Amino acid sequence: MFRQRPLTTSIMSTMSSRGSTTLRPITNRVSSPIFKSLNSRGITTSPTLRSSSIKDSTRSKSSTSSASIQRPKLGSAFFLSHHRPSPFGLSSTSSLLGRRAFSIPPKSFTLKYPFLSLLTRLVLSSVLGIFVLTSVILFHDAFTYSERHVDRVPCNPLSLEPRRGGKKNLPLLEVNLDDEEDDGKRSMKGKPRLVVIGGGWGAVALIQSLPPQAYNVTLISPQTYFAFTPLLPSACVGTVEVRSLVEPLRKLIARVRGHYLMGSAMDLDMAERLVEVEVPKDGGEGTMRCYVPYDKLVIAIGSTTNNHGVKGLEHCYQLKTVPDAQNIRRKVMANLELAALPTTTPAERKRLLSFVVCGGGPTGVEFAAELADMMAEDVLKYYPKLLANEVKVTVIQSRDHILNTYSEKISQYAEKRFARNDVDVVINARVQEVQQDKVVISIKDPKDKDAKAKTEEIEAGFVLWSTGIAMQPFTKRLVEILPNQYHSKAVEVDNYLRVEGAPLGTVYALGDAATVHTNLVNDLYSLWDKFDVNKDNTIDYEEWQEMVKYIKKKYPLASKYLGKIKDMFDEYDKDKDQKLTLNEVAEMFINLTTKATSYPATAQVASQQGKYLGAMFSKLAKQRNTLEANGIKDLDDETYHHPFEYMHLGSLAYIGNSAVFDYEGWSLAGGLLAMYAWRSIYWSEQTSMRTRMLLMLDWVKRGIFGRDLSKF
Ligand SMILES: Cc1cc2nc3c(=O)[nH]c(=O)nc-3n(C[C@H](O)[C@H](O)[C@H](O)COP(=O)(O)OP(=O)(O)OC[C@H]3O[C@@H](n4cnc5c(N)ncnc54)[C@H](O)[C@@H]3O)c2cc1C
């Protein structure tokens, strides 16, 4: 078969080149005049020999008496035909359709010009590859258009007209519109309802780690997509497009046959297990409330920006969400265009081109770096040079270094890099007030603690507020209605991520919205009662050993600082009577609580917590049949799963055509190579191949065409 292809082509092309109009298929070759003529002369027409014999016979039609049979030459195997050497070493071939095609050069050419020949082959293979790929894509594309119609979809009447219930007599969303539409959806009936509030890092990691049909999942979020937040600063200046950073939640929950509900959680009725959700109505103009019932509830609603009680934040932009990034991009482009108008006064131009970033954490630093990159790369090229000269980017940081959660080496590297890129860093400065056209700051002298802070004003055409996190309104509400919740920034959970004070095994929280409980002092009396077994008002060494075991399990963050059991006991046993008094234990707990800081508010933590809950719920789902057979409704998480443990994988930050990486005191800072490493990590962290492709295209696009400078 492999050998017959060139033969056919040879016959056909030869005939065609000689003006023959009779083209016979290969299957008829033995009965063809050529074969007949060869056979009549006793020449064997074995597949190996046919091609050359035919070639000979057709080349010299008249000299048929001595058909010298030769094997075909290797180099001419692709399109067997007569070659016309071209100046580029390519041979032109008359093909079947009379068009010219290129062929691999003959052997002599290969020997004479090996490099050129290799290049030719490479080019031809690439062209062929691109042709095949394009054909496959077009072929696939053609099959993606469908005109499928559905009619008479089964639907539960309760999903069209929900009954009312709960304390506030609101519509109860017990069934969904698609619950009955196919066998797959119907099979979910009776499965425990897992309601996930939020569609960010924690929620998506949880959904992705759940087995497909274990829970009847409902995801509630006001945004219909998951956003890859670490690259939002890049989207603010058009280095990447926001569409490349988002993945529709509906696509993500399809794997678990889940339901998506566009709305915001407002309140919780833990007794009846109902979440109160606000959903849009009247075409999005108004809102209404309803209840969503749950068996297990996961709160993953992230955080908002902390305003630290500063006045005038309405004049600031924030960078938390996709719309925030879009608004910032619009404002930056508007300022540049206004500054480029000849009618703008020099003073106004200066103000418009002053960009102030309040907060020297990773988000503020990355935004400032992206802005400075844009000014240096695109503004300088396409705007009047005067603008690039007048642009000023200022970062205001309350501590004595930017990126102060990273190692000192990294902070210093970032500061040096910023100095080189003309980004001003004002350290030890606090924002007093933000006005429409300026930021008022007070700067302390770190060397003279008693000196009065100096007040300064920075005129600003744009201000970004990026200074820490605060609770979402729903988290605040939760903390209000629960007992024993004391944290000011998040809801407290135990180390199984169960919300403290909520009925056990029903309400969980993770990510920025949650903080793992570390306040040992609050639990001093209950721990004392539990472990002073002989009730002598002291804790002896035996009791202490049991207490440590418990603390390690219940407070994993604090347990890191417990040290050796005996050493701790001896250190706090001040009177050396081999017993700890209440005061001695209280002192130890105060020290432990101070040292044990909660997990950082990062995507890394949220994602690991989501995966942890996913694994825990999967384990429970696997045991469901056994539990039901034994009449057990639910199982205490502590009996079948381990507590959550965070594994820090390092911190990354982009600082303007370079990046920094920090891991447990080991740090790496560098130029373009580090930046490519930074991109690779974020690229691999994407939730889908679609966003990976889009992101890759964005980076390539920026390299070739620059950033998109249009303003919408
Ligand atoms: C610009 C920027 C850059 C960042 N860079 C990094 C980085 O490089 N590395 C890193 O580790 N971390 C980074 N972070 C932090 C990281 O994004 C957060 O820590 C992470 O998103 C927290 O995840 P989460 O699941 O708790 O909440 P989020 O991912 O914030 O998701 C919260 C979700 O809840 C929804 N929601 C809010 N309120 C309600 C409600 N009432 N009802 C229903 N849904 C609600 C929101 O719409 C959203 O979908 C960055 C954050 C920002 C803003």
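**Exercise 1. State which residues UniProt lists as "transmembrane region", and describe that span in the model.**

Step 1. The unreviewed UniProt entry lists residues 115-139 under this name. UniProt positions follow the numbering used here, feature names are shortened, and annotations may be inferred rather than shown by experiment. Residues are numbered from 1 along each chain as its sequence is written.

Step 2. The structure is a predicted model, in which local features need pLDDT of at least 70, side-chain atom pairs count only at pLDDT 80 or more, and totals for chains, interfaces and linings use all residues.

Step 3. The span 115-139 is 100% helix and 0% strand, with 36 Å between its end C-alpha atoms. Helices (H or I, at least four residues) and strands (E, at least two) are DSSP runs, numbered from the N terminus.

**Exercise 2. Describe the two spans that UniProt lists as "domain: EF-hand".**

Step 1. According to the unreviewed entry, these are residues 519-554 and 560-595.

Step 2. Residues 519-554 are 61% helix and 6% strand, and their end C-alpha atoms are 11 Å apart.

Step 3. Residues 560-595 are 61% helix and 6% strand, and here the end C-alpha atoms lie 9 Å apart.

**Exercise 3. Characterise helix H15 and its surroundings.**

Step 1. The buried residues of H15 are Ile410, Ser411, Tyr413, Ala414, Glu415, Arg417 and Phe418. A residue is buried if 20 or more other C-beta atoms, placed from the backbone, lie within 10 Å of its own.

Step 2. These buried residues pack against H13, strand S19 (423-426), strand S31 (659-663) and strand S32 (666-670); contact requires C-beta atoms, placed from the backbone, within 7 Å.

Step 3. After H15 comes Asp422, which has a positive phi near 60°.

**Exercise 4. Describe the shell around the ligand.**

Step 1. The ligand is surrounded by 34 residues, the closest being Gly198, Gly200, Gly302, Gly511 and Thr602. A residue is near the molecule if its C-beta atom, placed from the backbone, lies within 6 Å.

Step 2. Elements that each supply at least two shell residues include helix H8 (201-208), helix H13 (362-382) and helix H22 (603-622).

Step 3. Domain 2 (313-470 + 650-705) and domain 3 (516-634) each give at least three residues to the shell; the bounds come from an automatic or database domain assignment.

Terms used
The expected span of a helix is 1.5 Å times one less than its number of residues. A residue is buried if 20 or more other C-beta atoms lie within 10 Å of its own, exposed if 12 or fewer, and partly exposed in between; C-beta atoms are placed from the backbone. Two residues are in contact if their C-beta atoms, placed from the backbone, lie within 7 Å.
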